[in-house]
Amino acid sequence: MEISASIIQGSAIGPASYVVTAADLRSVTPGNTLCKYADDTYIIIPAANVHSRAAELANVEAWARSNNLHLNRAKCVEIVFTSSRRVRSAASTPPPLPDIARVSSLKMLGVTVSSRLSVSDHVQNVISSCAQTLHALRLLRAHGLCEAALQTVYRAVVVARLLYAASAWWGFTTAADRQRIEGFLRRGVRAGYRHVNEPTAAQLVEDSDDQLFHRVQYNSGHVLQSLLPNRRSNSYALRDRRHDYLLSRRLKTNSLTDCNFITRQLFKDSY
């Protein structure tokens, strides 16, 4: 049959072809940001540029048409992030865009984030999903799988899903969210799927954060390295430090920025 599209879904070169095709998709308003991952695109618009929402959407539609693609507005949604400590009036909230649904929570690359930048919904969803996996483990045990193999499956399936992308959302969890996660892991210990001496969720996330921060520091091509501040130029070293970046209190502007991965790692054990 005649091929009428430039990117064939399911082909070996499809993902690479889409990356090349999407390379020229950029925002049209200074200050706005386009985040692209595979075929997921997010337009981040600050409050000062709220008037540019329609123009940015029209730009994406025009780019799609020129690349033999189609923007499905029915699958597009808008989320307005507001501070949980600041009550905004309905008049200050921008009107919805035509044919674009406005939601209070959004699943971005597998992580559910609410309009208040809370991840409680994500914790609830991922725990419910992992709880369903326990039924499969019970079936494996009934069919004779040994305890050591069951624990390996539990780590590879349940723990990996529970803490997926935790470096991005762990800082936004509340004490109740963390207790729920730890409680679920203790449930696995009681069921025999996890050894009692294995690290807690907080320890696993801390180790993962340290490994990621190490890669960000020493990989010049890492996507997060541009977020790091300048390095110190001191000629002395009185004590060992985790990093040699300049720390400024301006990096810790409010409690929200303190939750970000880069800020948490920069100020970890610094003072």
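**Entry 1: A165**

I looked up the accessibility of A165 in this predicted model, and A165 counts as partly exposed at 31% relative accessibility. The value lies between the limits of 20% for buried and 50% for exposed, so the middle class applies. I then located A165 in the loop between α4 (147-162) and α5 (166-169). I also checked the backbone: phi of A165 is near 55°, a positive value in a residue other than glycine.

**Entry 2: D99**

I next turned to D99, which also is not a glycine and has a positive phi of about 65°. Where does D99 lie? I found D99 in the loop that runs between β3 (77-78) and β4 (101-102). Is D99 buried or exposed? I noted a relative accessibility of 63% for D99. Because exposed means over 50%, this residue falls in that class.

**Entry 3: the positive patch**

I then examined the surface for charge. I recorded a positive surface patch formed by four arginines, namely R138, R186, R187 and R190. Which helix gives the largest share of the positive patch? I identified helix α6, residues 175-190, which supplies three residues of the patch.

**Entry 4: R190**

I placed R190 in helix α6.

Key:
Residues numbered from 1 in each chain as written. Predicted model: local features only at pLDDT ≥ 70, side-chain atom pairs only at ≥ 80, totals over all residues. Heavy atoms only, no water. Patch = residues over 30% accessible without salt bridge, like charges linked within 9 Å, V, L, I, M, F, W, Y side chains within 5 Å. Areas by Shrake-Rupley, 256 points an atom, 1.4 Å probe, with all protein chains shown as cover. Salt bridge = Lys/Arg side-chain N within 4 Å of Asp/Glu carboxyl O. Lys, Arg positive; Asp, Glu negative; His and termini not counted. Charge placed at Lys NZ, Arg CZ, Asp CG, Glu CD. Helix = DSSP H or I, 4+ residues; strand = E, 2+ residues; numbered from the N terminus. Buried < 20%, exposed > 50% of the residue type's maximum accessible area, 1.4 Å probe, protein only.
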